[in-house]
Amino acid sequence: MAEADQRLPSPHGEALGLTVVKQGGGRATVSVPYNPELVGDPDSGVIHGGVLTTMLDNASGMSIRSAEELDGDTAIATLDLRIDYMRSATPFTAIIAEAECYKRTKNVAFVRGVAYQTDKDDPVATSVATFMLGTPNQPRLT
C-alpha cells in the first residue's frame, strides 16, 4: 500500500484540502483537516455533511482505482452512494475516510467506507456504494 501525503488531483479535492494518506490493494484512505470554511453550522462549528460525502465518494473511487489489475485509463462513475450519518463530527478535529472495494465484476465495483476522527469504532458516517467501470477515458474532441 502506498504511503502518501499529497493532495487529491481534482480541483474539488484541492478546495476541501483533502489529502491522500494511503492507497493500494483495493483500499484508500484520505483525510481533511478541520477548516472553519467547511463548517455547516456556525453555532456548533460542525463540518458540513457534504464534506463527508465528498471524502467517502473520493476514497471509494480511489479504492477501486488502487487495484493493480485495473487499467488506469478506465473511467469510474458513481452509480449509487448511500451515506449513513452516525453523529456530528467533533469541531477542530481532522476527519479520516477509509474505503475498501470488496467486490468487482467486469462493469460494476462495490465499495464500503467509514469516516471517523480519532476512533474507527466511533464513526461519524459510513457508506456503501456501487460504481460503473466504463470504457477507457478519452478527451472529448469538439
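Reader: Where does Pro33 lie?
Author: In the loop between E3 and E4. Helices (H or I, at least four residues) and strands (E, at least two) are DSSP runs, numbered from the N terminus. This is a predicted model, so local features need pLDDT of at least 70, side-chain atom pairs count only at pLDDT 80 or more, and totals for chains, interfaces and linings use all residues. Residues are numbered from 1 along each chain as its sequence is written, and side-chain values use heavy atoms, with hydrogens and water left out.

Reader: Is Pro33 buried, exposed or partly exposed?
Author: Partly exposed, at 43% relative accessibility. Buried means under 20% relative accessible area, exposed over 50%, and partly exposed in between (1.4 Å probe, protein chains only).

Reader: What is Pro33 in contact with?
Author: Gly17 and Ala94, leaving aside neighbours within four places in sequence. Contact means heavy atoms within 4.5 Å.

Reader: And how far apart are Pro33 and Leu16?
Author: C-alpha to C-alpha, 8.9 Å in space. In sequence they are 17 residues apart.

Reader: Zoom out. How many helices and strands?
Author: Two helices and nine strands. The order from the N terminus is β-α-β-β-β-β-α-β-β-β-β.

Reader: What pLDDT does the chain average?
Author: 88, with 85% of the residues scoring at least 70. pLDDT is the predictor's confidence in each residue, from 0 to 100.

Reader: Where is confidence lowest, and where highest?
Author: Lowest in strand E1 (residues 2-7), at a mean of 47. Highest in E8, at 97. Over residues 1-5, pLDDT stays under 50. For those residues the model has 13 contacts beyond four places in sequence.

Reader: What share of the residues counts as buried?
Author: 39% of the 142 residues. The chain exposes about 8,100 Å², and carbon and sulfur atoms supply 50% of that area. Those areas come from the Shrake-Rupley method with a 1.4 Å probe; for residues, only the protein chains shown count as cover.

Reader: Which members of the largest nonpolar core touch the most others?
Author: Val30, Val32, Val51, Met55, Ile64 and Ile95, out of 30 residues. A nonpolar core is a set of buried Ala, Val, Leu, Ile, Met, Phe, Trp, Tyr and Cys residues joined through side-chain atoms within 4.5 Å.

Reader: Which elements supply at least two residues of this core?
Author: Strand E3 (27-32), helix H2 (49-65), strand E7 (95-104), strand E8 (108-116) and strand E9 (125-136). H2 gives the largest share, seven residues.

Reader: What about Thr29, buried or exposed?
Author: Buried, with a relative accessible area of 11%. Thr29 has its place in strand E3.

Reader: Arg27 lies in which strand?
Author: Also E3. Arg27 is partly exposed, at 40% relative accessible area.

Reader: How many aromatic pairs does the structure hold?
Author: One. Tyr34 and Phe92 form a tilted pair, 4.8 Å centre to centre, with 45° between the planes. Rings of Phe, Tyr and Trp (its six-membered ring) pair if their centres lie within 6.5 Å; planes under 30 degrees apart count as stacked, over 60 as edge-to-face and the rest as tilted.

Reader: Where do the two sit?
Author: Tyr34 is in the loop between E3 and strand E4 (39-41). Phe92 is in the loop between strand E6 (74-85) and E7, 58 residues apart from Tyr34. Tyr34 counts as buried at 19% relative accessibility, while Phe92 counts as exposed at 67%.

Reader: What phi does Phe92 have?
Author: A positive one, about 70°, although Phe92 is not a glycine. Most residues other than glycine have a negative phi.

Reader: Last one. What sits over the ring of Tyr102?
Author: The charged end of Arg112, 3.9 Å from the ring centre. The test is NZ of Lys or CZ of Arg within 6 Å of the ring centre and within 35 degrees of the ring normal.
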